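User: I would like to learn how to read features in a protein model. Can we go through some, one at a time?

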Amino acid sequence: MMIDMHAHWRPAEIADALRARTREPRILRNPDGVEVLKSGRMGDEPVAKAFDDVDFHLARMDRQGVETSVLSLLGSFCWIEAQPLEESGPLCRSVNDGLSAICQKHPGRFAAYAALPLRHISAAAAEFERALGLPGMIGAQVPGNYFLTRKDAEAMRPLLDVANRHQAALFIHNGPRPGDVYPKVSGDTDNARRRNGTLDMQASLSSVMVTLCLTDCLADYPDAVIQVHNLGGNIPYEVERMDHRCMLDTPQEELPSSRFRKAKVYVDCNSFGPRSIETAVRLYGAERIVCGTDGTEFGCEWTRKALAEAAIGEEAREQILHGNAAAMLARVRAAQGERAAA
């Protein structure tokens, strides 16, 4: 059975807020009078089909052999986190309460990452604390742009502190901070989807991993669980050049490959094929890789096929499919249980 640590969710709780918006994503009526969700990523979807349905999702999980899905806000819905606090606070609380209700109704099938009002980090930390007291919540999702450099990551200390104290998780997903220009490549550029969705995303995630693994960014937070998606960017392919440059420029330093291997950062294998997974196993070790599918049928099929074809051995395959994520979830839940009993 698979545990899917990267399963995005479109919460119906924010439908009214989408109706009130004047720019995408937004809900409006099309010329036929039908309410549709307009989004640059998803096109126009009738509202009746625009949001995730728990029963539909469970049926997909059963077909694909997914034991547990860890839900997180879909990127195009993360606009709620960048609104003024009087808007983002209630919206994030509503999303988090809704995710927890799903987890409660279907024990063992779901866990969730919280959404946070990121324009006010103190309020985000307070909501993180509150959300971790809700059944099923194991951590929070935060935008990767907060970790592009060591200096950028300073803003995340309050959230890292919460994660560390609660032995909870931060899911660092590619995305903008409130106020960032995003996406970097405009829609009228050739191959804009490829440039934004692969070239820029993977380069950004590589920078995130350099911050997390090659600086002291996480030194004060040994009990926080950190997950980065898409194999941590292009690091598995770039690390040999990093080692080469290190030998030339700073030979007294420990090689980057060694530091990436030692860092206790998990990566998921969402959207990558067998050769990429093999390369990542050689760098990080199979014990630091978990499954991710974006929460779609295609994503499940792709990930299962990639793992089946990867020349990594059955033990490593089982670790990635299930064992590593099971250990992550057990650790977070045990800490929650200890706090509840105290």
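User: Is Arg19 buried, partly exposed or exposed?

Analyst: Remember that this model is predicted. Burial is read from relative accessible area: under 20% is buried, over 50% is exposed, and partly exposed lies in between. Arg19 has a relative accessible area of 36%, so Arg19 is partly exposed.

User: Which residue does the side chain of Arg19 meet in a salt bridge?

Analyst: Start with the general idea. Side chains of opposite charge can pair when their charged atoms come close. Here the partner of Arg19 is Glu35, with N to O at 2.8 Å. Glu35 has 21% relative accessibility, so Glu35 counts as partly exposed.

User: Which parts does the pair of Asp223 and Arg331 tie together?

Analyst: Take the distance, then the location. The closest N and O atoms of Asp223 and Arg331 are 4.0 Å apart, and the two form a salt bridge. Asp223 is in the loop between H8 and strand E9 (225-228), and Arg331 is in helix H13 (residues 314-341), so this pair ties together parts that are 108 residues apart in sequence. Both ends count as partly exposed: Asp223 at 33% relative accessibility, Arg331 at 31%.

User: How many residues apart in helix H11 are Arg275 and Glu278?

Analyst: Within a helix, count the spacing. Arg275 and Glu278 are three residues apart in helix H11 (residues 274-284), which means that about one helical turn separates them. They form a salt bridge, with the closest N and O atoms 2.7 Å apart. Arg275 counts as partly exposed at 48% relative accessibility, whereas Glu278 counts as buried at 12%.

User: How many salt bridges does a search of the whole structure find?

Analyst: The search finds 26. Arg150, Glu154, Arg157, Asp216 and Asp220 are joined in a network of salt bridges.

User: On to helix packing. At roughly what angle do the axes of H8 and H9 cross?

Analyst: Read the axis distance and the angle together. The axes of helix H8 (residues 192-214) and helix H9 (residues 235-249) cross at roughly 60° and come within 11 Å. The two helices are therefore oblique to each other. The crossing of H8 past H9 is right-handed. H8 contributes Ser206, Met209, Val210 and Leu214 to the contact, and H9 contributes Ile235, Glu238 and Met242. By class, the contact of H8 with H9 has five nonpolar residues, one polar and one charged.

User: How are H4 and H5 oriented to each other: roughly parallel or oblique?

Analyst: Use the angle again; under 35 degrees counts as roughly parallel. Helix H4 (residues 85-105) and helix H5 (residues 121-132) have axes that cross at roughly 15° and come within 11 Å. H4 and H5 are therefore roughly parallel. Their crossing is right-handed. On the H4 side, the contact is made by Leu85, Cys92, Arg93, Asn96 and Asp97; on the H5 side, by Ala123, Glu127, Arg130 and Ala131. The residues of this contact divide into four nonpolar, one polar and four charged.

User: Which residues is Gln64 in contact with, leaving aside its neighbours within four places in sequence?

Analyst: Setting sequence neighbours aside brings out the contacts made through folding. Gln64 is in contact with Glu297, Cys300, Glu301 and Arg304, with neighbours within four places in sequence left aside. Gln64 lies in helix H3 (residues 54-64). Its relative accessible area is 13%, so Gln64 is buried.

User: Where is Val185 placed?

Analyst: Val185 is in the loop between strand E8 (169-173) and H8. Val185 is buried, with a relative accessible area of 18%. Not counting residues up to four places away in sequence, Val185 touches Ala192, Arg195 and Asn196.

User: Now the backbone. Which residues does a cis peptide bond join, with omega about -5°?

Analyst: Pro25 is in the loop between H1 and strand E2 (26-29). Another joins Tyr182 and Pro183, again with omega about -5°. Pro183 lies in the loop between E8 and H8.

User: What is phi of Asn191 near?

Analyst: Phi of Asn191 is near 55°, a positive value in a residue other than glycine. Asn191 is found in the loop between E8 and H8. Asp294 is not a glycine either, and has a positive phi of about 65°. Asp294 is placed in the loop between strand E11 (289-290) and helix H12 (297-309).

Notes
Residues numbered from 1 in each chain as written. Predicted model: local features only at pLDDT ≥ 70, side-chain atom pairs only at ≥ 80, totals over all residues. Heavy atoms only, no water. Axes fitted to C-alpha atoms, helices over the stretch in contact; angles between N-to-C directions. Helix = DSSP H or I, 4+ residues; strand = E, 2+ residues; numbered from the N terminus. Parallel < 35°, antiparallel > 145°, perpendicular 65-115°, else oblique. Left-handed = near helix turned anticlockwise from the far one by under 90°. Contact = heavy atoms within 4.5 Å. Nonpolar A, V, L, I, M, F, W, Y, C, P; charged D, E, K, R; others polar. Buried < 20%, exposed > 50% of the residue type's maximum accessible area, 1.4 Å probe, protein only.
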